[in-house]
Amino acid sequence: MKNINPTSTNAWKKLTEQRTTYKEFNLKQAFKKNPERADNLTLIQDDFYVDLSKNLYNEHIKDTLTQLAKECELDAAIQSYFYGDPINATEKREVLHTALRTPLHKADQRIKNYVQDALASKSQMFDYVNKVINGTQQTYNGKAFDTIVNIGIGGSDLGPVMVYNALEAYHNHLKLHFVSNVEGDHVEEVLKKINPETTLFVIVSKSFGTQETLTNAMTIRQWFQEKVSASAVGAHFVAVSSNVERAIDFGVEKDNIFPMFDWVGGRFSLWSTVGMSIALGIGTQNFQLLLDGAHDMDEHFKSSSFEKNIPVQLALLTIWYNNFMEAESEAIIPYTQYLQKLPSYLQQAIMESNGKSVDRNGNPVNYQTGNIVWGEPGTNSQHAFFQLIHQGTKLIPAHFIAFAKAKYNHPDHQQKLMANFFAQTEALMNGMTLKEVQQDLASSNMSSSEKALLEPFKVFEGNKPTTTLLIDELTPRSLGKLVAMYEHKIFVEGVIWNIYSYDQWGVQLGKLLADAILDDLKSKKFNAHDPSTQGLLKRYDSKLS
């Protein structure tokens, strides 16, 4: 990929000139001036209906943002992304999570070997998963497994737990638990809920040396040996790892070690053997549909014009708000409890990817990159942080995500849920004027002075930007499309910001210091640290005595 400083492009200069005008942009007036605004700023791709019209821009700004993508040579970058160029340059690796869901007959010759490796690992995983589900892969004493515990952290946890929760309506008879935090209390609370004699433990760690994962795995193995026996470990523990030797030393049988690939980053790996717990929980057919949906979005992203390209346009809106409208965060509001873990998943995917302050030339950037992602499901969030979005002083663009069709037949619930979904974006856009407040208070029994006192507090400025994603139904396939959509959005943002989205050196320093402090806690030598950390370490140590 070419290293193009976005601030040097003509489009960036135009957007800089235009941002002052658009800080005064009024959405209600924009709809009045252009009756076709909603149609012109809506993208449709099969079951995805993406309404961009309630954002603080118009077709002219959209065209200039699209020009920015072209000047940053996004089209060439997409080719590098899909066809195996080492775009994770600091680690000299390809970025090919898309190959994990590419059918062999659609694989370009340049990535055919990767696709074949992905299919071989999937076949191995599916064979094992199907045996566990149908009861032919059994416990040490010939029983069927009824419980799965996934042991991992970061991408080895967030993706699987998010998808498993999202597809709860597709769960089979197996019960899944997830252990991620190195906190011992977290482990104990999971162990209290399971029967060791019918539980399968899936350890997910590329190096088989991640501190949190290995610590949890060793604690769980010790507990298992005490409850069952050391000789049963091989039947109850499997590993998803690149380090076969370490996994075998731990006690995992060689045939129960499933490969991971260097060309897939952890936070984009749920489509691989890292998703074994997903497949165990929803079945291999549904897991395949998840992959198929992601591939559908891959094809849309790869082949659609930038003007009609959903991930491209979503990314450009983020850049518009982040770099020109001084917004620092983006709220993700799914109107379904099934997607309760989606904001957490996207926090890692987005902030670990694009939280960078050095460009691809190794120079400090002089513009904003990345953005803060947060959110909760609606309607719960309406009774929590929506007050800040409606009447606060911060500009917070928000993604509203909903599914037209519910999984179960409760029409009254669904109509009320969707009424709130539609009402919130309309309310955020329109607000409530002083005149409307006065009309609303006119019929109340309050005195004139009481009304006058209350009026300013009931005024809503409105003009708050939202993007609405209305999807037909939450299925494995549509979920795959949704997650892949955000993956490609991340990629586009990284290309335009001229940063490397697929390394994460920022997480390494804390790990190194944690190892050093662990040694100091054991030796009770704290002088190597700053006075604040020394004081904290001494206080902690005193409470252990």
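## Exercises on charged side chains

Glutamate 299 is partly exposed, with a relative accessible area of 28% (buried means under 20%, exposed over 50%, and partly exposed in between, with a 1.4 Å probe and protein chains only). Keep this residue in mind, as it returns in the first exercise. The model is predicted, so local features need pLDDT of at least 70 and side-chain atom pairs count only at pLDDT 80 or more, while totals for chains, interfaces and linings use all residues. Residues are numbered from 1 along each chain as its sequence is written, and side-chain values use heavy atoms, leaving out hydrogens and water.

**Exercise 1.** Find what joins the side chains of glutamate 299 and lysine 302.

*Solution.* Start with the general idea: side chains of opposite charge can pair when their charged atoms come close. Here, the two side chains meet in a salt bridge, 3.2 Å from N to O (a side-chain nitrogen of Lys or Arg within 4 Å of a carboxyl oxygen of Asp or Glu). Helices are DSSP runs (H or I, at least four residues), numbered from the N terminus.

**Exercise 2.** Describe how aspartate 127 and lysine 131 are placed in helix H6, and how their side chains meet.

*Solution.* First, look along helix H6 (residues 112–134): the two residues are separated by about one helical turn because they are four residues apart. Then look at the side chains, which form a salt bridge of 3.3 Å, N to O. Last, consider accessibility: aspartate 127 has a relative accessible area of 42% and is partly exposed, and lysine 131, at 33%, is partly exposed too.

**Exercise 3.** Work out the distance between lysine 416 and aspartate 412 in their salt bridge, and name the helix that holds them.

*Solution.* The distance is 3.1 Å, N to O. The helix is H17 (residues 411–430), where the residues sit four apart, about one turn of the helix. As for cover, aspartate 412 is partly exposed at 45% relative accessibility.

**Exercise 4.** How many salt bridges does a search of the whole structure find, and which residues are linked with Arg101 in a network?

*Solution.* Begin with the total: the search finds 19 salt bridges. Now turn to the network: salt bridges link Arg101 with Asp298 and Glu487.
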